[in-house]
Amino acid sequence: SPLGRLCHARPEYALAADEDLVAPQSTTSTKVFMPDGEPSVHVGMIDLGVNAGLIRYFVRDAGAKVTLLTANERPDMNLYDCVVVSTGPGNPAQHPKMIAWIKDHVSDLNSKPLLGLGLGCQIMALAIGCTVQRLHLGQRGTNQPVLDLRTHNCMTTTQNYGYAVDSSSLPKNWATLFTHVNRGTCEGIVHESRPFMGLLFRVERGGQPCDTSPLVHNFVQAVKATTMFPMAVSRYHLPANLRKVLVVGPGGQRIGTAQFDYCCSSAVRAVVDSGCVAVVVNPNSASVSAMRQGLPQGAIVVYNEPVRPDVLLQVIRTERPEGALVSFGGDLALTAALGLAKNNQKVMTPLFMRGEPQHMKMGDELKEELLQDVKILGTDTESVRRAEDKWGFRSEVAELLGLRKVFQCVRSKAEADTAAGEFGFPLLVTVERAHGSQVEVAADQGQLEAAL
């Protein structure tokens, strides 16, 4: 992380590259953490500045016994089923002893599984001869999209690192396991035939996205059953036959829609970086000029029109896109996508909306026009349908909980008390106000009154 301090005079800054930031963060003695039941595996975790959430996740959620080791300790592999080199701050090149140990470990044909996280992944990369470069500002923040090259599934991750691994310098038998969707940079490495893996992003939960949570479970299961190694990976590209991709945007920024504008801008950038022309319908006008900066002329075609079936039809007839992205425009775009499936294939078909106004209906001739081959990219329409069917979701929840209903609209404190008596606590309370809504969790009657 960037160094800084408050002072009255001009400070003399110490560069992070010249300072050992791990020693103050690492444990000074060996510590053992036990799960409630019988341990599934015994993990030796080298502490380079590990946070408690990672230990808790291995122990409580994965059921592993964790022995926390000091930063300079060489683990005795006869005592552990696997070794995890933890996250931490600072320059990975400052740990020559750890680099030498990992180099020896991966060279041993009988060595046990090794997982490097954050700084541990960077040290692993140096040990195998890969290039690690310092970033000017680092890669930090939540909601960073990362692509799993085993399954081509996209995950939302939390990242906080200052050194990047150059995937082009990976040696033979090593491959990129995860890549950043927007930047195309390496987010994880793996040996193609041996049980060694490194991840740059965070995997533990707690106030951050949970998409990466199964990775720890998968690693522990792989340690228990060594036949789950190796891991096969493949490179991901957009289909080669795509020349134009339709992106349905969120419109002008309003309260609660800024995240859709960011997603739409990122999607447009990804489409253009893939060599396709982005046809954007209903974008945020303030972002259009920013989208076009540094891009070749004609890379983005913008239609400032409302998201209606007849408008989308006309855009499709004019531009003839081969693919469509409908997951970045909020509820309106998702609702329009509910009719984009035909015969269980990802083919664009007429856009039907339940209860649509008369001016939004389409004749048979226009409907036939939409039966061209326009593939839906990303989330399939069946998943969109289940997510957008609010009444169906409520019915499923009510059935699972054995309730007659799962929500109730109230207009007074007396009605709220009656509903609380019917449902029981805890309750999710949404209070609608003139300037927006407020959501609170009420665990008892006092919290319910405070929320109201």
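This is a predicted model: local features need pLDDT of at least 70, side-chain atom pairs count only at pLDDT 80 or more; totals for chains, interfaces and linings use all residues.
If you look around His42 and leave aside the residues within four places in sequence, you will find it in contact with Lys65, Thr67, Leu79, Tyr80, Asp81 and Cys82. How covered does that leave the histidine? Its relative accessible area is 15%, and since the cut-off for buried is under 20%, His42 counts as buried.

Now step back from the side chain to the strand that carries it. His42 belongs to β2, which spans residues 42–46. The cover seen at His42 extends along this strand, as five of the five residues of β2 are buried. Which residues point to which side? His42, Gly44 and Ile46 lie on one face of β2, with Val43 and Met45 on the other, and both faces are covered.

Strand β2 also has a partner to follow. It pairs with β3, residues 65–69, in the parallel sense, and five bridges link the two. Along this pairing, Met45 stands opposite Leu68 of β3. Two of the contacts of His42 listed above, Lys65 and Thr67, fall within the residue range of β3.

Further along the chain, let us turn to an open sheet. Five strands make it up, in the order β13-β12-β11-β14-β15, and their pairing is parallel. The edges are taken by β13 (300–303) and β15 (375–376); each has a single partner strand, so one side of each is without a neighbour in the sheet. As a reminder, strands of a sheet pair through backbone hydrogen bonds, in either a parallel or an antiparallel manner.

Within this sheet, look at β11, residues 244–248, and β14, residues 323–325: they run parallel and are joined by three bridges. A handy landmark here is Leu246, which stands opposite Ala324 in β14.

The last stop is on the surface. Leu400, Leu401 and Leu403 form a nonpolar patch there, with about 340 Å² of accessible area together. Leu401 lies in helix α11, which covers residues 390–401. Is Leu401 buried or exposed? With a relative accessible area of 57%, Leu401 is exposed, whereas His42, where we began, is buried at 15%.

Methods
Residues are numbered from 1 along each chain as its sequence is written. Side-chain values use heavy atoms; hydrogens and water are left out. Two strands pair if DSSP finds at least two bridges between them. Helices (H or I, at least four residues) and strands (E, at least two) are DSSP runs, numbered from the N terminus. Buried means under 20% relative accessible area, exposed over 50%, partly exposed in between (1.4 Å probe, protein chains only). Contact means heavy atoms within 4.5 Å. Patches are made of residues with over 30% relative accessible area and no salt bridge: like charges are joined within 9 Å, nonpolar side chains (Val, Leu, Ile, Met, Phe, Trp, Tyr) within 5 Å. Accessible areas come from the Shrake-Rupley method with a 1.4 Å probe; for residues, only the protein chains shown count as cover. A salt bridge is a side-chain nitrogen of Lys or Arg within 4 Å of a carboxyl oxygen of Asp or Glu.
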